[in-house]
Amino acid sequence: MSTPRNWTKSTLIFGGVAAWGLLLVSCVVADRTVVAPPQVAGATFVGSKKCVECHEKETGHFASATHAKLAMKDANGMDIGCESCHGAGSLHVKIGGSKATIVNPGKSPEACFQCHLDKRGEFSLPNSHPVLAGKVSCVDCHDVHEGNAIKGSGAAMEKMNETCTKCHVAQKGPFVFEHGAVKEGCVACHNPHGTVNQKMLVARDVNLCLRCHLTMPPASAPGDISTSSRFNVAHTGELHSSDAQRGACWSAGCHEAIHGSNANNHFRY
């Protein structure tokens with residue numbers, strides 16, 4: 001008759017670590033799907049060194065680019081980093097740089113979708129930038145040849161906002177009273193690739209605002225708007241709830257200037 005095994009804490013920890021190790025090994029040795037470079041009919045690979053001869057501007061900082069980590073090599077070990085996205089370049093070189101002989105992500109997003117398949121799905125949602133319609137391209141917002149693929153200058157979050165406000169100039173400011181969410185980056189409220197919500201918002205109606213504004217500030221100095229009866233009732237009682245039910249915080253006749261205001265610290269026009 002066998003006796004029950006005593007499971008100690010050490011045994012359980014050792015067993016868990018061993019199981020996790022086996023899982024990692026299985027992931028390493030498993031076959032992986034490799035994304036093939038785009039096809040250019042009749043062309044062969046020439047290597048990235050050939051691209052540098054004419055495209056110094058694009059290749060000069062490519063080593064710092066996130067996309068540089070995805071560079072491929074052909075069967076002979078030749079570096080085809082540029083051709084991993086643009087396709088084989090022999091015809092491009094032979095004809096003297098004709099854009100018709102190379103894949104240009106600025107004209108079609110299909111080269112980007114080979115890896116970023118999830119973005120194709122987001123662009124198909126009801127509210128998105130018109131990339132699939134050809135009115136906007138991925139490279140209008142992304143610099144794939146340098147850094148973390150966000151256009152602009154300065155710190156990362158500043159770069160992101162600069163990219164958005166290049167087109168959305170009314171939201172750029174500067175404002176006397178700036179919404180703190182703008183400082184966090186436009187993507188705090190918007191998904192630039194697309195969502196099911198209007199204005200590409202990451203959440204709809206008051207649920208978007210409540211992600212940050214779970215509580216309201218207390219009343220302050222006498223004469224401040226926060227001490228008025230309507231403000232106190234609006235932010236703590238029934239009146240504010242009924243206002244919010246009629247629409248989002250920015251559409252219920254309250255905080256219309258949601259990106260920032262030059263007239264009111266509660267973001268009113």
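Reply: Happy to! A polar contact is a pair of N or O atoms within 3.5 Å, where, within protein, one must be able to donate a hydrogen and the other to accept it. Keep in mind that this is a predicted model.

Me: Which backbone oxygen lies 3.5 Å from a polar atom of the side chain of Thr165?

Reply: That is the backbone oxygen of Glu162. Thr165 itself is found in helix H8, which covers residues 156-165.

Me: Is Thr165 buried or exposed?

Reply: The idea is to compare the relative accessible area with a cut-off: buried means under 20%. Thr165 has a relative accessible area of 11%, so Thr165 is buried. Across the protein, buried residues make up 27% of the 269 residues.

Me: Which residues is Thr165 in contact with, leaving aside its neighbours within four places in sequence?

Reply: With those neighbours set aside, Thr165 is in contact with Gln171 and Lys172. For the protein, take the contacts with a separation of 6 or more: 52% of them are between residues 24 or more positions apart.

Me: How many helices and strands are there in the protein?

Reply: There are 12 helices and 2 strands.

Me: How many aromatic pairs does a search of the whole structure find?

Reply: The search finds 1 aromatic pair. The ring centres of Phe113 and Phe123 are 6.2 Å apart and the planes are at 50°, so this pair is tilted. The pair links distant parts of the chain, with Phe113 in helix H6 (residues 110-113) and Phe123 in helix H7 (residues 117-123), 10 residues apart. Both Phe113 and Phe123 are buried.

Me: Where is confidence lowest in the protein, and where is it highest?

Reply: Look at pLDDT, the predictor's confidence in each residue, from 0 to 100. Confidence is lowest in helix H11 (residues 229-236), with a mean of 41, and highest in H7, at 93. Over residues 217-237 the pLDDT is below 50, and this stretch has 25 contacts in the model beyond near neighbours in sequence. Residues 25-34 also have a pLDDT below 50, with 1 contact beyond near neighbours in sequence. The mean for the protein is 76, and 71% of its residues reach 70 or more.

Me: How should I treat predicted coordinates where pLDDT is low?

Reply: They should not be read in detail there.

Terms used:
Residues are numbered from 1 along each chain as its sequence is written. This is a predicted model: local features need pLDDT of at least 70, side-chain atom pairs count only at pLDDT 80 or more; totals for chains, interfaces and linings use all residues. Side-chain values use heavy atoms; hydrogens and water are left out. Helices (H or I, at least four residues) and strands (E, at least two) are DSSP runs, numbered from the N terminus. Buried means under 20% relative accessible area, exposed over 50%, partly exposed in between (1.4 Å probe, protein chains only). Contact means heavy atoms within 4.5 Å. Rings of Phe, Tyr and Trp (its six-membered ring) pair if their centres lie within 6.5 Å; planes under 30 degrees apart count as stacked, over 60 as edge-to-face and the rest as tilted.
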